[in-house]
Amino acid sequence: MTIAFEPDVLDMLCPMHLMLDGQGVITHIGPTTQKLRPDMSLIGMRFLDAFTVMRPRGITTLDQLRNARHLKLHLEMAGVPPARLKGVLVSSGQNSAIVNLSFGISIVDGVRDYALTNADFAATDLAIEMLYLVEAKTAAMESSRKLNLRLQGAKLAAEEQAFTDTLTGLKNRRALDQVLERLLTINAAFAVMHIDLDYFKAVNDTLGHAAGDHVLQVVAKAMIEETRTTDTVARVGGDEFTVILPDVRDINVLDRIGRRIIGRIEVPIPFNNSLCEISASIGTVWIQGGNSATRETVMEDADLALYASKNDGRARQTFYTPELRKTANSLMPPTGRGIKRP
Amino acid sequence: MHGLINRSFQNYMCDSYGKDAWLDVTARAGVSTIEFEAMLVYDDAVTPAILNAMGEVLRRKRGELMEDIGAYLVSHPNTEAVRRLLRFGGMKFEDFLHSLDDLPDRARMAVGDLHLPAIELHNHEEGHYSLICDSPLTGFGHLMMGVLRVMADDYGALVLLDLEESGEGKETVSIRLIKTDFADGREFELGARAL
């Protein structure tokens, strides 16, 4: 059965359609179809001159087009701007046919390019809802993207401002620098111990990083236990630690703390079925207040003392004295925390 | 309450009265958040606290304040996206009015966890409507009245608006549409983008 529609019915139900006669010539177009090419007289043109069928491929004759009825057609409309449309062709009796068109996924561009309004779409068409959704989702997405950027920035800032070494829970270099700066500013009497683990590299190399990390955690715990709560224990490098001890009135106190720390670190640490045996070298500088020490000189002095401990056979504590500087100048390359010691 | 709602109040304060006024509001409200994130959800108690504090800082009654916020939401250049999304509701002011019933669903389609207060449009005799607003937020009807006032202008329609408090947290905006094509209204292109 064939039902013939009056053109105005189709204009209302599918405003983006075309009617073709038996020769494939356009006899009527919907109001929205005309909006795509306001300056083009589509009526009277052959459909296949006005549109190229991109898919299914190879449709160049009217018979081929008729055979493709009911199939989804990918069309390109002649003229500018380029318009890629979806379409479907149905017969409407006596060889005539109706082609209905749609923008498909390019609806957003289509509406912009041809300045279409709600009235250009059928009342049941979801085009407007689609546009609404695209716009609303874009706004929501943009908002989420901004939130993500802000959170990422905040995370970086928090990491930068962190005072804790994540592996050991000790303070980090940033925290250490602050404590040191404060003590120097108030001309306090205090001591700085540089502690470098001996034979740690061997643990890492033979038992792996998991063992190394475990050793660092055990050592960190030991250092906390062997120092006072007022002291600051920081991990400042791979296997390098620094302890700041405020209120030190007697060098013997430092000597005892150093011995205890080395003693604890030398206790073999079980890991899986192995024992990790390490030790520690310590370089200590005692600042008795009122002198012109700076953060740099204090660290350098402690480094020199540590170097002396390493040179003297490790597993010991050396106190900084100005004489070390002379020896250092003649024997050693310039020291620095970044340089790996033998 | 959804961050988008709190953020709207924050933007209203900052855009209309400046950042300091907003900081004053957060301090009075006793909330720890001074910058609401549009895409997060906040405790329900925060929103009324913020609105009360805004009333104190601006020395304005809740209804008056809410109407002003409603007008801000659809007229300020910084909130152009809201106006555009509402204009999707229809070509004419009447279409727009009828689309308001769908507003909470539309909002949820865009932002899944955004729950707008329920609103219901009733059509009485020719050109007379009432919009029933059911919200835990006191003054939501006033806010909608502010929105409607500006949107009527936007569509070029002439309307008379009035608010009736019907108790049980329900506020009803009475809308009398005098003339649909009173003025030219503001341009709205479907294909343009506010963003």
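With contact meaning heavy atoms within 4.5 Å, 24 residues from chain A and 20 residues from chain B take part.

Residues are numbered from 1 along each chain as its sequence is written, while chains are lettered from A and ligands numbered from 1 in the order in which they are written. Because the model is predicted, local features need pLDDT of at least 70 and side-chain atom pairs count only at pLDDT 80 or more, whereas totals for chains, interfaces and linings use all residues; side-chain values use heavy atoms, with hydrogens and water left out.

## Salt bridges and the helices at the interface

Three salt bridges are counted between chain A and chain B, each being a side-chain nitrogen of Lys or Arg within 4 Å of a carboxyl oxygen of Asp or Glu. Arg150(A) forms a salt bridge with Glu37(B), and the closest N and O atoms of this pair are 2.3 Å apart.

Helices (DSSP runs of H or I, at least four residues) and strands (runs of E, at least two) are numbered from the N terminus. On the side of chain A that touches chain B, α5 (107-113) and α6 (127-161) each supply at least two residues, and α6(A) gives the most, with 16 residues.

## Ser143(A)

Ser143(A) lies in helix α6 of chain A, and, leaving aside its neighbours within four places in sequence, Ser143(A) is in contact with Ala38(B) and Met39(B). Is this residue buried or exposed? Ser143(A) counts as buried because its relative accessibility is 19%, where buried means under 20% relative accessible area, exposed over 50%, and partly exposed in between (1.4 Å probe, protein chains only).

## Chain A as a whole

Chain A holds 12 helices and 13 strands, and of its 342 residues 42% count as buried. Among contacts in chain A between residues at least 6 apart in sequence, 57% join residues at least 24 apart.
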